[in-house]
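Me: I have a structure to work through. Can we take it one question at a time?

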Amino acid sequence: MPLLENSTYTRPKWLFSAHLETIYPSLFRKVLAPNPVKERILTSDGDFLDLDWYRQNKSKLVIISHGLEGNSTRAYMLGMVNTFLGKGYDVLTWNFRSCSDEMNKQVIFYHSGATYDLDLVVKHGYDSYEEINLVGFSLGGNLTLKYLGEKGNSLPKIHRGVAISVPLHLGSSSRKISETENTLYSKRFLRSLKKKVIEKSAAHPGQIPVETLRNIKTLADFDDFFTGPLHGFADAEEYYEVNSSLYFLDQIKVPTLVLNALNDPFLSEKCFPTNLAKSLDQVHFEFPKHGGHVGFSPENSSKPYYSERRAVEFISAVI
C-alpha cells in the first residue's frame, strides 16, 4: 500500500519543537466527553478488565486502546471518543491491567504484546455490532497492530485499524526513550511503574523481586527485571523481539493506518519502515514531519486533533 509522503498536517507555530508538541497536550489539554457506562469483565485467569462504553445504538463500534501508563480518561482517549461519536459510531475504551482505579489481581500487569486481553475486549462486543474498528495509541498501537496481524481474517467483522505514535520496533524505541534528551519522559514512566510494582508486591509477597527496584535506571532495565520475566519472557530483549508489531504487519488482512510523526521523540528509525510500505497489501503509512508523540495539535484550537481527523477519515473511507 502507498506511503503517504505529503501529509497535510501542520503544527501550530508556537509548538515549535517535538517536546512542546508532546508535552503540551499531555499536560494542558482538557476534553469534555459524555459520561460512559462502566463495565467490568472477568478474564480467564481470574482477573478483570474495566471498560467504558459510549453507546448511541449504532451498528458500528470503535475500540480504543491507550498508551504506556495511560488509561481510558486521558485527553487523547476522550478526544478520539468525541470524534467518533460525532460521526455515528458507538465507542468502547478500556483500561489495561493495573491502569484503572483498582490494581488488578494477578501477579502480571500489562505489556505491549498482551493481545489476549484485547481479544477478550473485542469478543465481548463482537456479536452486538455489524462492524468493529480498532484504534490504538503508542503501546496500545503496537498491541492493536500485533492483534490485527495475529487474527488475519479470522474475525470478519473487524473492518479497519489505526495505530498512532506507535513504537513498531520495541527494542530500539526503548533505547530511544532512554536517551538523555528524553529523561523527563522516562523518569515519569518509571516513577509510575515502580509505584505499581511496590503495590503489587504487597499483594503477592515473594513473587516479585521488589528489592531490585533500586537498580532500575531505564525502561529497558524495568522490562529486563519485571515486564519480561513476569510475563514469561527471558529478558527485555526477548520480550521486545517477540512483541514488536513490525514483525506482524505483513500478516494484517484489513486496511490499517500507521500515523507516526518523524519528529516523535519516542520512536527509533525502525518505526518508519518506508521500504516495507511497498510490499504490504493492507497497511498504509503516514509520516508527517511534525506531531511529536501522541500530539498532532491543530492550528485552530476549535478543530479536532489531526490524529482524530485522520482516524475517522480512514475508518469511514471507501478504500
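This is a predicted model: local features need pLDDT of at least 70, side-chain atom pairs count only at pLDDT 80 or more; totals for chains, interfaces and linings use all residues.

Me: Where does serine 138 lie?
Reply: The UniProt annotation "active site", from an unreviewed entry, includes Ser138. Strand E6 covers 131-137 and helix H4 covers 139-151. Serine 138 therefore falls in the loop between E6 and H4.

Me: Is serine 138 buried or exposed?
Reply: Buried means under 20% relative accessible area. Serine 138 has 11%, so the residue counts as buried.

Me: Which residues does the "active site" annotation cover, and why do they gather at one spot?
Reply: The unreviewed UniProt entry names Ser138, Asp264 and His293. They span 156 residues in sequence.

Me: What is the bridge partner of leucine 51 in E5?
Reply: Strand E3 spans residues 48-54, and strand E5 spans residues 90-95. Five bridges join these two strands, which run antiparallel. Across from leucine 51, the partner in E5 is tryptophan 94.

Me: How many residues apart are glutamate 131 and lysine 60?
Reply: Glutamate 131 forms a salt bridge with lysine 60, with the closest N and O atoms 4.0 Å apart. The pair links distant parts of the chain: glutamate 131 sits in strand E6, lysine 60 in strand E4. Their separation is 71 residues.

Me: Is lysine 60 buried, partly exposed or exposed?
Reply: Partly exposed lies between buried, under 20%, and exposed, over 50%. Lysine 60 has 33%, so lysine 60 is partly exposed.

Me: What is the N to O distance between arginine 97 and aspartate 117?
Reply: Arginine 97 is buried at 3% relative accessibility. Aspartate 117 is buried too, at 4%. Their side chains meet in a salt bridge, N to O, at 2.8 Å.

Me: How many disulfides does a search of the whole structure find?
Reply: A disulfide is a covalent bond between the sulfur atoms of two cysteines. Cysteine 99 is buried at 6% relative accessibility, and cysteine 271 is buried at 0%. The number of disulfides found is zero.

Technical notes:
Residues are numbered from 1 along each chain as its sequence is written. Side-chain values use heavy atoms; hydrogens and water are left out. A disulfide is a pair of cysteine sulfur atoms within 2.5 Å. Buried means under 20% relative accessible area, exposed over 50%, partly exposed in between (1.4 Å probe, protein chains only). Two strands pair if DSSP finds at least two bridges between them. Helices (H or I, at least four residues) and strands (E, at least two) are DSSP runs, numbered from the N terminus. UniProt positions are given in the numbering used here, feature names are shortened, and annotations may be inferred rather than shown by experiment.
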